[in-house]
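Here are some questions and answers on charged side-chain pairs, for reading beside the sequence and the model.

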Amino acid sequence: MKHVILFSVVILVALMAFLPKADLMVKGNVTGSSGAALPGVSVTEKGTPNITQTDSKGNFMITVSNANAILVFSSVGFVDREVKVAGKAMLNVTLSELTAEQEEVVVTGTGIAHSKSIRGAMTAPSAGDMTGRVAGVVIRGSASPARKHRLYERSRLSENRVTFMNTEDYDGIAENRFLSVKDNPLSTFSIDVDAASYSNVRRYLNSGQLPPAGAVRTEELINYFHYDYPQPAGNTPFAVHTEISDAPWNKDHRLLLVSLQGKKIAAGNIPASNLVFLIDVSGSMEDENKLPLVKQSMKLLTDQLREQDRVAIVVYAGTAGLVLPSTSGENTQTIKDAIDGLTAGGSTAGGEGIRLAYKIAGQHFVQGGNNRVILCTDGDFNVGVSSDAEMEKLIEQERKSGVFLTVLGYGMGNYKDNKMQKLANKGNGNHAYIDNLGEAKKVLVHEFGGTLFTIAQDVKLQVEFNPAKVQAYRLIGYENRMLNKEDFNNDKKDAGELGSGHTVTALYEVIPAGVKSRFIEQVDPLKYQPEKNRAGDYGSPELMTIKVRFKEPNGEKSKLEVYPVIDKHTALVHTSDNFRFAAAVAEFGMLLVQSEFIQQSSYNNVLALAGSALGTDPEGYRKGFLALVRKAGSLAKAEKQRGEDDIAGRE
């Protein structure tokens, strides 16, 4: 009998091990080392997307999956702390403030590199004027007076800024607003696979300063990262994926992810490349992070070439010249010797260099191959064809040859971001900013195929929203890529290129039908046009329809793909890592530009959301993002305090 009882107990214990562990509600309070309550602290169940935040009194409440869960407490300016629940329903936690040494982390293109003391080298920048020149950085175009004022205040208050005799140039960005589906049912834009903005923003933050708003292009921040979307099937060169959940910064709004996953072509199957390295060797390129870094970058790219690939090197300063005739990729040392022999000096005749580079590329054109000019410069053209309009016209003429353009930006202090963007956009190309050798490896080695081999060109998206489901929408980012609705069917209208293995991610913030919102702006009824019933098909389960137009790499006529999207909502905690991480990066972008659509966004919320979606992250890019968020949060916090102190001093 004893044996039977013992056997029954063993069986019962074994069965209990397979039962789901009971949820546990945990409450508590978070304070700093001084005993003061800490509001807005992110509280995350480790290894899950389960997130909450402390309230204004530092209190929190979270339901964890089991009694052995671990909670991670994160707040900008404080050391992260992990606490084991151990079955306790009440936890009181104290966080320690970061030291200066802990905050000075330098983030590179391959994750977190090292700590670096930079404060001793910093001086406060001169105040900008109210026309848009801030600390030597020019913000051009459509930036609103309110945003320019915020930028002026940012530079005026900053005491932790590096002064470079700065003449950097950025175009202003007017944020996309919420549009009524009743009046604007179509949203049309060109894809953007550039990621230059992220590495440039990283450079600013690593230097101890918040970036100017014109440097922050949210879509490029999002598209800097790898996302685990399924590869396309069939003959279409891309697959479209969607995901819908709550907007992390407003529970009454929804966030819609639309992504394109380009087909990845194995390196051995990429057609032969006909490349021309067009390298700026003018006097402005002599700094260590310019021509010396260009030379290292081009040697990394040279190591990726095959026997069937060819490279020529054109340089320009006061004039342009051919340094290396078109040479087989198997002659690696010959190419590297030519690169090593480059030196900087003279003025910058960029237009002349571009003409010569396209001429050389045309002489060795490979039918069905990858014909491309790779321009390496700080964008500071000052001789000959140099104005934006002249450069755009020149590039538009040259792209008709079928030669694509990759623009690699280098350096700081006189970096012309706006000119680089225009060159890449008009030249059927892409744009990256190389701030260190790690970023060069990312762009030219890890993403070699995507950077240099186009699988679809002039790729446009048009989204039609169902007014029965959606009241208003806002495309986050892509302000410089917006198209008129008529442009979608116009094959003469230029659009973005998709490279091998590239992913494109776009996010819409959506206000569902029936939700009251301060962001929905009303207009008076029309006098001459009777109101039409555009309420939509109430019986349709579709939220929207996505249409994609694209051309083959050397094609003239576009193809159309159509994807209806069912209104299938997923709770944020159950969304994919792709969705949560992209949402976190978008929120980060809004905070950096001090968007009027921030709502309940915070750096702590970004940390928690991104921290729950790190995935495998083999190169450490996502962990590096967390370090940048902490750095930006600390700078913003210090800036806010200086502003309050300044106001108090004047009173």
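Q: How many salt bridges does a search of the whole structure find?
A: The model is a predicted one. Side chains of opposite charge can pair when their charged atoms come close. Over the whole structure, the search gives a salt-bridge count of 27.

Q: Is Asp252 buried, partly exposed or exposed?
A: Asp252 pairs with Lys251 in a salt bridge, with 3.6 Å between the closest N and O atoms. Lys251 has a relative accessible area of 68% and is exposed. For Asp252 the relative accessible area is 43%. Buried needs a value under 20% and exposed one over 50%, so Asp252 is partly exposed.

Q: Which strand holds the Asp458 partner of Lys551?
A: Lys551 and Asp458 form a salt bridge, their closest N and O atoms lying 3.0 Å apart. Lys551 is buried because its relative accessibility, 6%, is under 20%. Asp458, at 7%, is buried too. The pair ties together parts 93 residues apart in sequence, because Lys551 lies in strand S27 (residues 542-551) and Asp458 in strand S23 (residues 454-465).

Q: How many residues apart are Glu439 and Arg202?
A: The side chains of Glu439 and Arg202 form a salt bridge, 3.0 Å from N to O. Glu439 belongs to helix H11 (residues 437-446) and Arg202 to helix H4 (residues 196-206). Both residues are buried. The pair links distant parts of the chain, and the separation is 237 residues.

Key. Residues are numbered from 1 along each chain as its sequence is written. This is a predicted model: local features need pLDDT of at least 70, side-chain atom pairs count only at pLDDT 80 or more; totals for chains, interfaces and linings use all residues. Side-chain values use heavy atoms; hydrogens and water are left out. A salt bridge is a side-chain nitrogen of Lys or Arg within 4 Å of a carboxyl oxygen of Asp or Glu. Helices (H or I, at least four residues) and strands (E, at least two) are DSSP runs, numbered from the N terminus. Buried means under 20% relative accessible area, exposed over 50%, partly exposed in between (1.4 Å probe, protein chains only).
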